[in-house]
Amino acid sequence: EDMSRKGTNVRMMRFIGMAVHVTFVGALALAPSGIARSWQLMPSTLSSRTVLLSAAAKVALDQNVLPEAASKKRTAKRRDSICAEINSMMMQAPDSEEVLQLVQEHRKTLNAVNVATALHRVAARNKVKRARRDMLLRDRRFELLIDALAQHTSDEFSGSARSVADTLWSLATLQHWPPTLLKPMLMSVSVQLDRGSFEGPQLSTVVWSLARLQCKPVRLLERIEEQAVSRLPEMSMQNHANLLWGFATLKYKAAMLPELCASLATSGLLAAAKPVEVSDVAFALGQLGEPGEHALLLGCLAARASPEAALESFSSRQLVRLICAFTALEATDSLPDGLLDAWVAAVRKAHLAQPLLAADGTELEAALITLGIDGVWIKSSEILNTWNDLAGGLGTSREYTDEELTSAFALIDTDGSGDIDQAELKVAIKAISPGADDATVEGMLALSDTDGDLQVSLDEFKKIMRRGPPAKEGGAAKDGEVDA
């Protein structure tokens, strides 16, 4: 037992001796050069070298070299732990309010990953309603988040390809692109491209984001498409659609367009594509393609938008994009019999209930004229809706040409008498608003019938459509209105 205890003590002393030796040697390495040279010249006696090591250690301790290095390491480790915990809380936060509160509380501690996570979370929760986005952008805590993003260097921020892509997506979704972030963000993208760190979906997200932010760094786009070609198998339907839409929106005709379209057409992804994805791909082909190109992909788009597939799920705007794309590429003849008519009929039905956006209506009208299809109903339905709104005291008159107003009038005046009577107006308004009652029709007639004959002539119709609603009784006319 005594021998065992003695052996343990010997081993302990050796360990302590080694530890002391290592510590002093480390101190010597950090000691002034004079002491280090003395060590080399001094006889290797225990006493002399011990004195010198003690001197070296004293210098190191006086300068706080060894404790400072250890302290920095411990501080960095502790900070990483805190940032990881903050990130976890952000991921679990039920709403953007709690995320912003965490940003405010820990603004001096946030690292680059925390900033990217916080921005992505608030963007995802405020991407639908514009009013909420506007309130967010005015929130002081959001400004703190943007300031934190701007403070991180591109090297620090570029540590994660996902963080770079997520942050760009967030800025694009919120439509917020401060000048202070332009250079750091583009540098971060460049660093990731240098490393080849972006995955296929992330490359798609970057292009989509740049397009939403209306930023066209041509050299970066060239590098992105170079890397995207080999990563096409990694991409989902949404990734393909976003990549195409982004290139088209930026009017960037990528050299990889043939490979991208061929990959999508043969992937089978379009069989279950969402209407918005079909629409985005069609838009891109219409903008970037040439007549006779991409026939296989166009066929897949048409199949997905057929009555047997998902036609009923398409919005009027999505169908307008399809019609315009096939028209621009001179590919309508390749469509199955009756499919173009089905698209036009679906748009017309939707337009009667809810008028197309002005830009969509103009594009569709131009496409139908090219195809030799009557498109008078586009403006006529819009005009009839405007008349109804004016009679209800809503909206304002718009700029319509004589030809547009005459065509709309003729569509309502079904007997060709030159006047719109109550029965004709009732049929027309019921077509766009099935719930309209007799009071609605009477109000529209009363607004326009200036001579009291319960009919509206073409001249009366033109005057009310250009004049707008009368001022409310007892009040002065507002800007843009005329007293009755």
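Q: How many nonpolar, polar and charged residues are in the lining of the second largest pocket?
A: One way to read a pocket is to sort its lining by class. Here, seven residues of the lining are nonpolar, three are polar and four are charged. Keep in mind that this is a predicted model. The second largest pocket has a volume of about 340 Å³. It is lined by 14 residues, and Phe-283, Gln-287, Arg-321, Cys-324 and Glu-363 are the closest to its centre.

Q: Which helix gives the largest share of that lining?
A: That's helix 18, with five residues. Two or more residues come from each of helix 14, helix 16, helix 18 and helix 20 (358–371).

Q: And what about the largest pocket: how much space lies in it?
A: About 1100 Å³. It has 27 lining residues, and the closest to its centre are Trp-208, Arg-212, Asn-242, Val-276 and Asp-280. By class, the lining has six nonpolar, 12 polar and nine charged residues. Helix 14 gives the largest share, six residues.

Q: Let's move to the core. Where do nonpolar side chains tend to be in soluble globular proteins?
A: They tend to be buried together. In this structure, the largest nonpolar core has 100 residues, and Leu-322 and Trp-343 have the most contacts inside it. Helix 10 (residues 161–174) supplies the largest share of this core, eight residues. Apart from it there's another core of 22 residues, including Ile-383, Trp-387, Met-444 and Ile-464.

Q: Which residues does Leu-322 touch, leaving out those up to four places away in sequence?
A: Leu-322 touches Val-278, Ala-282, Leu-301, Ala-305, Phe-314 and Trp-343.

Q: How many aromatic pairs does the structure hold?
A: Five. To read one, look at the distance between the ring centres and the angle between the planes. Take Trp-387 and Phe-461: they're 5.3 Å apart, centre to centre, with 65 degrees between the planes, an edge-to-face pair. This pair links distant parts of the chain, with Trp-387 in helix 21 (residues 376–391) and Phe-461 in helix 25 (residues 458–467), 74 residues apart.

Q: Why does the pair of Phe-409 and Phe-461 count as tilted?
A: The ring centres are 5.7 Å apart and the planes are at 55 degrees, so the pair is tilted. Over 60 degrees would count as edge-to-face. Phe-409 sits in helix 22 (residues 402–412), 52 residues from Phe-461.

Technical notes. Residues numbered from 1 in each chain as written. Predicted model: local features only at pLDDT ≥ 70, side-chain atom pairs only at ≥ 80, totals over all residues. Heavy atoms only, no water. Core = buried A, V, L, I, M, F, W, Y, C linked by side-chain atoms within 4.5 Å. Buried < 20%, exposed > 50% of the residue type's maximum accessible area, 1.4 Å probe, protein only. Helix = DSSP H or I, 4+ residues; strand = E, 2+ residues; numbered from the N terminus. Contact = heavy atoms within 4.5 Å. 1 Å grid on protein atoms, 1.4 Å probe; cavity = no way out; pocket = protein on both sides within 12 Å on 5 of 7 lines; lining within 4 Å. Points joined across faces, edges and corners; volume = space filled by probe spheres on them. Nonpolar A, V, L, I, M, F, W, Y, C, P; charged D, E, K, R; others polar. Phe/Tyr/Trp six-rings, centres within 6.5 Å; stacked < 30°, edge-to-face > 60°.
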